[in-house]
Amino acid sequence: MEYATLPNGLKMPLEGFGVFQIPDLKECEDSVYAAIKNGYRLIDTASAYANEEAVGAAVKRAIEDGICTRDELFVTTKLWIQDYPDAERAFSLSLEKLGMDYVDLYLLHQPIGDYYAAWRSLEEIYRSGKAKAIGVCNFYPERITDLCLHVDIKPMVNQVECHPFFQQSEALKAAEEFGYTLEAWGPLAEGSHGIFTHSVLTAIGEKHGKTAAQVALRFNVQRGIVVIPKSVHEERIEENLDIWDFELTDEDMEAVEALDLGHSEIIDHNDPATAKFLSSFSIHD
């Protein structure tokens, strides 16, 4: 495993395990446990995923079984828009569900609503020591530039959709300018574009004895971008982590770079309909 160094010096694994769209709590717990058993140390969840309890249960099992200690893990959760007005209460509830005294990273989930007020609450949570780092999700370059220019503590991570078909080159430039780490959700494009059998990725993989998916993940980590692939199948969980014994050549990187469409085909955060949908989405009464 290799690591990104956050602005406060905290080390963040360049690859972790995501649990978006694993609503079944038993399946989620077993998947996270399998991930930790196979070597993952970064686990990414969110209050909006409704599975923080399962993540906490899996972590507890792994610690009790001697697989790891809490200090060896990097646990992320997120604050949903609905809870921006009462971020500290929502954060306490997340800690309770996770069964933890702190998280390693706490993120604002969307750049919608009064995220400035919510960010000030995250700054206080960070100062309390209950979140070792704070950051944002889905902030495109203009939004995060504005935020960075007007807050006391700048985001340390920005988690955005990022994969071979939407490479987020401008977001990466902004990350380099302001010193935060870029993290990729959907690093396998949620299975779209035939990514698992894509001819370019497959051909590159054959040179290295790797799969198309492993090439896609390796492409991002070589750019210094954290990836959090998700799977409920242990063999795929193992496969996704097996990207640390090869390196893409400059020629390989250029071939993948040519696949960039320059936009998302999963969600358009520039569409007013997206803002309306996300603003209306409630995760609790």
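A residue counts as partly exposed when its relative accessible area falls between the limit for buried, under 20%, and the limit for exposed, over 50%. By that scale Phe20, with a relative accessible area of 38%, is partly exposed. The model described here is a predicted one, and its chain holds eleven helices and ten strands. The radius of gyration of the chain is 18 Å, close to the 19 Å that the globule rule gives for 285 residues, so the chain is as compact as a globular protein of that length.

**The chain as a whole**

- Taken along the principal axes, the box that the C-alpha atoms fill is roughly 50 × 45 × 35 Å.
- Of the 285 residues in the chain, 55% are buried, while the accessible surface comes to about 12200 Å², with 48% of it belonging to carbon and sulfur atoms.
- Among the contacts with a separation of 6 or more, 75% are between residues 24 or more positions apart.

**Aromatic pairs and a cluster**

- The structure holds seven aromatic pairs, and one of them is the tilted pair of Phe20 and Tyr49, with 5.1 Å from centre to centre and 45° between the planes.
- This pair links distant parts of the chain, 29 residues apart, since Phe20 lies in the loop between β3 (17–18) and α1 (25–37) and Tyr49 in the loop between β4 (42–44) and α2 (52–64).
- Whereas Phe20 is partly exposed, Tyr49 has a relative accessibility of 13% and therefore counts as buried.
- The ring centres of Tyr115 and Phe139 are 5.1 Å apart and their planes stand at 80°, so this pair is edge-to-face.
- Tyr115 belongs to helix α4 (residues 115–128) and Phe139 to the loop between β7 (134–137) and α5 (141–149), so the pair ties together parts that are 24 residues apart in sequence.
- Both Tyr115 and Phe139 are buried.
- One aromatic cluster is formed by Trp80, Phe277 and Phe281.

**Arginines over rings**

- Arg61 lies over the face of Tyr33, at 4.0 Å from the ring centre, and the charged end of Arg236 sits over the ring of Phe196, 4.9 Å from its centre.

**The surroundings of Pro164**

- Pro164, in the loop between β8 (157–161) and α6 (169–178), is buried, with a relative accessible area of 0%.
- When its neighbours within four places in sequence are left aside, Pro164 is in contact with Pro187, Ile195, Ala216, Val256, Leu259 and Asp260.
- Pro164 and Val256 are 92 residues apart in sequence, yet their C-alpha atoms are 6.2 Å apart in space.

Technical notes. Residues are numbered from 1 along each chain as its sequence is written. This is a predicted model: local features need pLDDT of at least 70, side-chain atom pairs count only at pLDDT 80 or more; totals for chains, interfaces and linings use all residues. Side-chain values use heavy atoms; hydrogens and water are left out. Rings of Phe, Tyr and Trp (its six-membered ring) pair if their centres lie within 6.5 Å; planes under 30 degrees apart count as stacked, over 60 as edge-to-face and the rest as tilted. Helices (H or I, at least four residues) and strands (E, at least two) are DSSP runs, numbered from the N terminus. Buried means under 20% relative accessible area, exposed over 50%, partly exposed in between (1.4 Å probe, protein chains only). A charge sits over a ring if NZ of Lys or CZ of Arg is within 6 Å of the ring centre and within 35 degrees of the ring normal. Contact means heavy atoms within 4.5 Å. The radius of gyration is taken over C-alpha atoms; the globule rule is 2.2 Å times the number of residues to the power 0.38. Accessible areas come from the Shrake-Rupley method with a 1.4 Å probe; for residues, only the protein chains shown count as cover.
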